[in-house]
Amino acid sequence: MGPAHGILQVNTQPWSQVFVDGQLMGNTPQMRIPLRAGRHRVTLVNDDFDVRETFVVEIEPGGVVRKILKLKARK
């Protein structure tokens, strides 16, 4: 990870798959996703509970963005 990168940390209740800019990063919790500085689109998906939530994060060089979310199940 270079100086133009930062870290994204994501955890959700219930668990979810984490996609960043359309690429699957794995299931929550994800405590160290290295990303280039700038804006990134994060999508959280849990098909068991019909959950799909998308938001944008701004990663600062050398920074850490932490998102801990309680997702609303639709089923």
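Let's start with Asp21: its relative accessibility is 45%, so it counts as partly exposed (buried means under 20% relative accessible area, exposed over 50%, and partly exposed in between, using a 1.4 Å probe and protein chains only). This is a predicted model, where local features need pLDDT of at least 70, side-chain atom pairs count only at pLDDT 80 or more, and totals for chains, interfaces and linings use all residues. Residues are numbered from 1 along each chain as its sequence is written, and side-chain values use heavy atoms, with hydrogens and water left out.

**Positive phi angles**

- Most residues other than glycine have a negative phi, and most peptide bonds are trans.
- Asp21 has a phi near 50°, which is a positive value in a residue other than glycine.
- You'll find Asp21 in the loop between strand 2 and strand 3 (strands are DSSP runs of E, at least two residues, numbered from the N terminus).
- Asp50 also has a positive phi, near 55°, and is not a glycine either.
- Look for Asp50 in the loop that links strand 5 (38-46) and strand 6 (51-59).
- With a relative accessible area of 36%, Asp50 is partly exposed.

**Cis peptide bonds**

- Gln13 and Pro14 are joined by a cis peptide bond, with omega at about -5°.
- Pro14 sits in the loop between strand 1 (5-13) and strand 2 (17-20).
- Going from Thr28 to Pro29, the peptide bond is cis too, and omega is near 0°.
- Pro29 belongs to the loop between strand 3 (23-27) and strand 4 (30-36).

- Lys72 comes in the segment after strand 7 (64-70).
- Its relative accessibility is 74%, so Lys72 counts as exposed.
- In sequence, Lys72 and Pro14 are 58 residues apart, while in space they are 8.5 Å apart, C-alpha to C-alpha.

**His40, tucked into a strand**

- His40 is part of strand 5.
- His40 counts as buried because its relative accessibility is 5%.
- A polar atom of the His40 side chain lies 2.6 Å from the backbone oxygen of Arg36.
- Setting aside neighbours within four places in sequence, His40 is in contact (heavy atoms within 4.5 Å) with Val20, Asp21, Leu35, Phe55, Val56, Val57 and Ile59.
- That list includes Asp21, the residue with the phi near 50°.

Terms used: Helix = DSSP H or I, 4+ residues; strand = E, 2+ residues; numbered from the N terminus. Polar contact = N/O pair within 3.5 Å; in protein donor to acceptor, adjacent residues only side chain to side chain.
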